[in-house]
Amino acid sequence: MQPDTTTRSDLVQDKHEVLSHVFGFDQFKPGQEPVIDTLLSGEDVLAVMPTGAGKSLCFQLPALMRGGLTVVVSPLIALMENQVALLESFGVRAGMIHSGRPRADNVADWRAVAAGEVNLVYMSPERMVTPRMIEALQALPLSMIVIDEAHCISQWGHDFRKEYIRLAELKSLFPSAQVAAFTATADDATRQDMVSRIFHGAAKVFVQGFDRPNIAIKVEEKKQAEKRLATLVRARTGQQGIVYCLSRKGTEAAADMLAREGHNAIAYHAGMADEERTVRLNRFLTEDDLVVCATIAFGMGIDKPDIRYVIHMNLPASLETYYQEIGRAGRDGNPAEAILFYGYNDLRLRRTMIDESGAPEDVKRVERRRLDTLATYCEAVTCRRNMLLSYFGELQDVPCGNCDICDVPPLMADGTAAARAALEAIIATGEVYGQSHIINILRGSQSEKVCTAGHDKLSSHGQGRQYTDKQWRRMFRQMLAQNILAPAGEFGSLVLTARGQQVLAGAAAVSFRQDALGQDKKEKSPAKKLAEGQVDAKLLTLLKQKRLDLAREKQCPAYVIFSDRTLIDMADKKPSDIEAFSQLFGVGDKKIEAYAETFLSVITEHQAGT
Ligand code: ADP
Ligand code: MG
């Protein structure tokens, strides 16, 4: 049975003609043509191409040119609807069968398929593999089966879906149909797993084009994440963005906060009712200033070209997921931004999630390695894009010039002595303690926990006094990232790796980012600056007045709010944002939360006045 629609094309028709007449494009995007040629020649294909590369066209065009029926298996209803609607806008009729629509619609579409009236039909994986569907399809001139978002078939893939597993049988069930699989996940283990599952080892594999030079990449140390998010979004008011959060609660908290700040913001996660999600997805697709705060699955395969930024409130699971997620920004090629908040707690949480995942040990091992790679990326000291691209097999020597590291290369400093002191303390206490306790020992704490354990008697006790708690935390993070230390067990005990042993033995050196080691010891003390008249005295008076107001209001002594030394430091440094504020003497998270905004506005007003 030959399809007979206006869009049916004769085999003799040129692919360029179809490209321009049906899709309205004058040329192929990089990487599309070889995939299309291979499919037209009848071979099976696995194409690994980044988000936005135009994978759909790679199978839609051959499907139209070759005639017969092409079944596209797609994991998300929203994705199917998006694609079918787009095809219809090109004048191509396509069918769709999934559980999210009325039975009558499914039946109507199936009739059209059976009658050969459509070349392309989209289906959910669970529909595709029912015995009834298989039998029905076996009676039709099935020319191609496409598996979109094919990484879902692999346990190594980050979106593993058990409904996808049975797709492995398609090759045997439909021996004469061509099979094509598409994904944006480039990771090698996943790729090999896909080839062996879907194609039983035989397929032509294309991997290409992972660079997205228009996305400016930035990783920030996570601090006061919500406030920082507010600041970032405020500076991007009216732009469309995605904010990724780890938990459903996180998405809601972020969306509420942004809405309160006056932005058009919504949450999106799998815990919402289907109808609600459809409504929100439609808003996302149609409104051009919407900020969506979503859990990770959001956005997979969706074609929305003008997302200007992607912010990660939490650490993703791996570089692959991260790259997929940031790849949703700037698909139109215009400048876009990706900002990731990187914090030690998130790193630890991710590790716990892996430990408790119940996955087989070998899967856990791969997951841990991936997480380590991501941590290393976050602590990178050379061009981030190059590191990403080399991870995906695309080597590039020249720094990209569009990431935070290229903007401001971190200065490195030798930290071997500090690292060895820390490693000694860890060994001496039996590798069973977490970071906080070790830092307490290094900083010479006389706390009960330290003394009862006799850790005040250790030779490393007090050996790291010259560094603040914050500085030590950063050094520990970098030691984790540099694979000198590894976390073990559920309580985050730190143990030495092989490399850590080398450092301890004096056989390897360690460098840290200089900003981690800090130069504040060399800086003049605030009191000295004040005495030398270097501090803005007028501002200091205003700050003291504000402190007094607050103290009266809270009925507490003024120094409980901030010490004089902090206020002097404040008047001296005049921080203009939370980030700078947090660097002040005596300012921790609690103080930031309680007072940063109040005091920042005093400074801003004063600055505006002078
Ligand atoms: P992917 O599945 O690889 O993430 P899509 O198939 O959704 O990407 O395509 C991304 C966008 O690129 C779509 O808007 C699509 O219409 C567009 N596109 C695809 N091929 C071309 C082409 N040859 N020229 C211009 N735009 C194209
Ligand atoms: Mg796609």
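In the predicted model, Leu517 is found in helix α24, which comprises residues 514-517. Leu517 has a relative accessible area of 7%, and because buried residues are those under 20%, Leu517 counts as buried. When residues up to four places away in sequence are left aside, Leu517 touches Ala413, Asp414, Tyr467, Gln471, Met475 and Phe512. One of these contacts, Tyr467, stands 50 residues from Leu517 in sequence, yet the C-alpha atoms of the two residues are 7.2 Å apart in space.

The domain assignment of the protein gives four ranges, namely domain 1 (5-207), domain 2 (215-407), domain 3 (412-513) and domain 4 (526-608). The centres of domain 1 and domain 2, taken over C-alpha atoms, are separated by 28 Å. Both of these domains contribute to the second largest pocket, whose lining draws at least three residues from each of domain 1 and domain 2.

This second largest pocket has a volume of about 970 Å³. Its lining is formed by 33 residues, of which Leu76, Ile77, Ala78, Tyr268 and Arg277 are the closest to the centre of the pocket. By residue type, the lining of the second largest pocket divides into 14 nonpolar, 11 polar and 8 charged residues. Helices α4, α6 (125-128) and α13 each supply at least two residues of this lining, and the most is given by α13, with 6 residues.

Helix α4, one of the contributors to the pocket lining, has 13 residues (residues 77-89) and should span 18 Å at 1.5 Å a residue, which agrees with the 18 Å between its end C-alpha atoms. Within α4, the residues Leu79, Met80, Asn82, Gln83, Val84 and Leu87 are buried. An α-helix has 3.6 residues a turn, so residues three or four places apart point the same way. Just after α4, Gly91 takes a positive phi of about 85°.

The relative accessible area of Glu220 is 8%, and since the limit for a buried residue is under 20%, Glu220 is classed as buried. Not counting residues up to four places away in sequence, Glu220 touches Arg228 and Leu232 as well as Ile339, Leu340, Phe341 and Tyr342.

Key. Residues numbered from 1 in each chain as written. Chains lettered and ligands numbered in written order. Predicted model: local features only at pLDDT ≥ 70, side-chain atom pairs only at ≥ 80, totals over all residues. Heavy atoms only, no water. Helix = DSSP H or I, 4+ residues; strand = E, 2+ residues; numbered from the N terminus. Expected span 1.5 Å × (residues − 1). Buried < 20%, exposed > 50% of the residue type's maximum accessible area, 1.4 Å probe, protein only. 1 Å grid on protein atoms, 1.4 Å probe; cavity = no way out; pocket = protein on both sides within 12 Å on 5 of 7 lines; lining within 4 Å. Points joined across faces, edges and corners; volume = space filled by probe spheres on them. Nonpolar A, V, L, I, M, F, W, Y, C, P; charged D, E, K, R; others polar. Domains from an automatic or database assignment. Contact = heavy atoms within 4.5 Å.
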